[in-house]
Amino acid sequence: MLKKIAFAAVLIQVAAFSALLTQTFLMGSTATQAASVLGEPVVAVTATECAKATWPDIPAQCLERVEARAQ
């Protein structure tokens, strides 16, 4: 009985460690890619390129900006 509990505890620790590693690698690469975009020069984007753009690589020029309405 004690062996089964110890084995279950080891499996839970391995699963938690694997989940943390996976989250670190996935989120770390996304943050690095997002940070590298900030330093790039602004490039003119055509309407057809805006139409073909998909999330998360939508150029800032393709995003519509709206002003808040007055109450």
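How much of the accessible surface of the protein chain belongs to carbon and sulfur atoms? Of about 7,000 Å², 67% belongs to them; areas come from the Shrake-Rupley method with a 1.4 Å probe, and for residues only the protein chains shown count as cover.

This is a predicted model, in which local features need pLDDT of at least 70, side-chain atom pairs count only at pLDDT 80 or more, and totals for chains, interfaces and linings use all residues. Residues are numbered from 1 along each chain as its sequence is written, and side-chain values use heavy atoms, with hydrogens and water left out.

The protein chain has two helices and zero strands (DSSP runs numbered from the N terminus: helices are H or I, at least four residues; strands are E, at least two). Of its 71 residues, 0% count as buried (buried is under 20% relative accessible area, exposed over 50%, partly exposed in between, with a 1.4 Å probe and protein chains only).
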